[in-house]
Amino acid sequence: MGRDELDCFLILAEELHFGRTADRMRLSRARVSQLVQRLERRLGAPLFVRTSRRVELTALGRRFRDDVAPHHRAIEAAVARATASARGVSGVLHVGFAGPLAGEIAMKAAEALRAARPGLGVELCEVPLSDPYGQLRKGDFDVQLQEFPVREDDLGGSPVLFTEARVLAVADGHPLAARTAVSLEDLADVELLTIAGPLPDYLLERHVPARTPGGRAIGRGPGVTNLQEALMLVAGGKGALLTAAHTATYYARPGVVYLPFEDAAPVDYGLVWRAGDTTGAVHAFARTAREVARAVRAKAGAERDVRAG
């Protein structure tokens, strides 16, 4: 039995979707089907039931997954430990994260990395809203997971790991609060809270744009240094906040309404590190974070499919 067959089976058993499995393995859907069919011929019975709407494991498939998966994980962990030892990946990696969703992804990546590489410790700390690059540049962080874009000559980074929608947080008494959605032109009817601190102009424009796409001026509210302070001011009617959609989940609070946008570009997240200063530990964390983010996206996609069905 080839490793590619086993890898394909376990990923498809997790995703239950040929397209997502093909994306994760960087193969065509036809190749995924070939690998699954080859494994089924070896075993002598189907492992999956395929319909036009969904893919499901057969009873044999579930039993085979349960029997094989623990051994597969153990082998992968053993290979990772041996590789880490050979490359000298050890010590403590300091990881920053910007916002609770990035923190959740970073925490899961840290847990997976600790299990795979026992010689490497991972410490997490939140990146200040008002100083997104200061601690990274000083060496307090080795790598950080944060909102893109990053246009700093001395910093490098990964491709986009995950994306989410943007929302507008307003007080529940604001005239916009009764709407089910807003547009970027509606920003002319609020005062956006600004961020106090040494933010580059392109980031400040991202969080607090000066004008709507149609050219209307957007008012500026008080400056804030962290998200909790911002939401307190929003609830008090002191301004509105342009933020990522996960804020509504992690910071639901009385007095604040989160309105989805009809036309705003999504928020992208990725990893950032000092250019030319990447270690084996940073690369290991980057690979693990990509895997975790991919699994989170797949789970979210499966949940949407279930709701749609």
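Predicted model: local features only at pLDDT ≥ 70, side-chain atom pairs only at ≥ 80, totals over all residues.
## Overall build

Let's start with the big picture. The protein runs to 309 residues, and 46% of them count as buried. Its secondary structure comes to ten helices and 13 strands. Laid along its principal axes, the C-alpha trace spans about 70 × 50 × 30 Å.

As for how the chain meets itself, take the contacts between residues at least 6 apart in sequence: 71% of these join residues at least 24 apart.

## Helices α1 and α3

A packed helix pair is described by two things, the angle between the axes and the distance between them. Here the pair is α1 (residues 3–15) and α3 (residues 29–43), whose axes come within 9 Å and cross at roughly 105°. Angles of 65 to 115 degrees count as roughly perpendicular, so α1 is roughly perpendicular to α3.

Who does the touching? On the α1 side, the contact is made by D4, E5, C8, F9 and L12. Helix α3 answers with R31, V32, L35, V36, R38, L39 and R42. Sorted by class, this contact has seven nonpolar and five charged residues, with no polar ones.

## The largest pocket

The largest pocket has a volume of about 1,500 Å³. Its lining takes in 39 residues, and the closest to the pocket centre are R24, E76, R287, E291 and R294.

Which elements give two or more residues to this lining? They are α1, α2 (18–25), α4 (59–87), α5 (100–116) and α10 (280–308). The largest share comes from α10, with eleven residues. By class, the lining has 20 nonpolar, 16 charged and three polar residues.

## The second largest pocket

Strand β11 gives the most, with four residues.

Terms used
Residues numbered from 1 in each chain as written. Heavy atoms only, no water. Axes fitted to C-alpha atoms, helices over the stretch in contact; angles between N-to-C directions. Parallel < 35°, antiparallel > 145°, perpendicular 65-115°, else oblique. Contact = heavy atoms within 4.5 Å. Nonpolar A, V, L, I, M, F, W, Y, C, P; charged D, E, K, R; others polar. 1 Å grid on protein atoms, 1.4 Å probe; cavity = no way out; pocket = protein on both sides within 12 Å on 5 of 7 lines; lining within 4 Å. Points joined across faces, edges and corners; volume = space filled by probe spheres on them. Buried < 20%, exposed > 50% of the residue type's maximum accessible area, 1.4 Å probe, protein only.
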